[in-house]
Amino acid sequence: MEDNESIFGKSPPPRKGDVLFRAAGTGTNACISYWHNVNYPYKNGFRMAAGRLALQVCETHSDQDSLVYPILYLYRHHLELVLKDIFRTVAKLLDRSVSDVEEKTLGRHDLVPLWELIAPLLEPLCSFAGENPIPAEDVEGVRSYLRQLNEHDPDGQRFRYATIRVRPPKNSNLPVKHERSIKEELRLVNIRVFASHMEQLADYLDGLESWAAHLLQARMDMESDYCE
């Protein structure tokens, strides 16, 4: 057998001397950002990946039964990151301290409580900016989308893993059970419909975050000029 032939699959086998994280001259080097807003490429990357996978399914009408899981997960994770950044940005803009309870919520993966942290800050945010309140229908629409996501993935794990561990009651000798992650009643997901709604929600939340970040930066610039 040749050294570059594998006993499994068509690719060459892994070798000890292979370097995984390195630059190469092929025009495919990715820049790992650490000197500016590192959150943006994370959030943007998950959304871009989800959108491109969804587009592939819609164009080819193939592989949807497998690609549905990364599509669902990538969109959900994008939203989770955006929601957490929105809250922190708005809280900072309004000079509002973050409580220990809120920090615990930010450390979890449940989407609805994240939105419930943000919603009460929207009216003060609009007042700060001198703008009309955000329409109640918008707030409820976001809440509805997030609740639907939470129904099938309350902890950010159901689209990642096929099964979840169900622990027995305390002081029980029963073994840990493994159950299907996603509810059995969820049988069909139309990738085109799902991705379209996720893009609507992502556009809205990204716009909200960008607006809050712009207001915060403007305030910081003004305060800096005042100090000078």
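The model is a predicted one.

The buried residues of α1 are K43, R47, A50, A54, V57 and C58. Viewed down the axis of α1, these buried residues fall within an arc of 100°, so they line one face of the helix. An α-helix has 3.6 residues a turn, so residues three or four places apart point the same way. The other side of α1 carries Y42, R52 and E59, which are exposed. Just after α1 comes H61, with a positive phi of about 55°.

The next topic is the nonpolar core. The largest such core holds 45 residues, and the members that touch the most others are I71, L83, W115, L146 and L205. Two or more residues each are given to this core by α1, α2 (64-93), α4 (111-129), α5 (136-152) and α6. Helix α2 supplies the largest share, 14 residues.

With neighbours within four places in sequence set aside, L83 is in contact with L111, L114, W115, I118, L146 and L205.

E80 lies in helix α2. Is E80 buried or exposed? Its relative accessible area is 3%, so E80 is buried, the cut-off for burial being under 20%. Not counting residues up to four places away in sequence, E80 touches R108, H109, L111 and L114.

Cysteines come next. How many disulfides does the structure hold? The number is zero. A disulfide is a covalent bond between the sulfur atoms of two cysteines. C58, one of the buried residues of α1, has a relative accessible area of 15% and is therefore buried. C126 counts as buried because its relative accessibility is 2%.

The last stop is A213, in helix α6, which runs over residues 191-227. A213 has a relative accessible area of 34% and is therefore partly exposed. A213 and I7 are 206 residues apart along the chain, and 53 Å separates their C-alpha atoms.

Conventions:
Residues numbered from 1 in each chain as written. Predicted model: local features only at pLDDT ≥ 70, side-chain atom pairs only at ≥ 80, totals over all residues. Heavy atoms only, no water. Disulfide = S-S within 2.5 Å. Buried < 20%, exposed > 50% of the residue type's maximum accessible area, 1.4 Å probe, protein only. Helix = DSSP H or I, 4+ residues; strand = E, 2+ residues; numbered from the N terminus. Arc of directions from axis to C-beta. Core = buried A, V, L, I, M, F, W, Y, C linked by side-chain atoms within 4.5 Å. Contact = heavy atoms within 4.5 Å.
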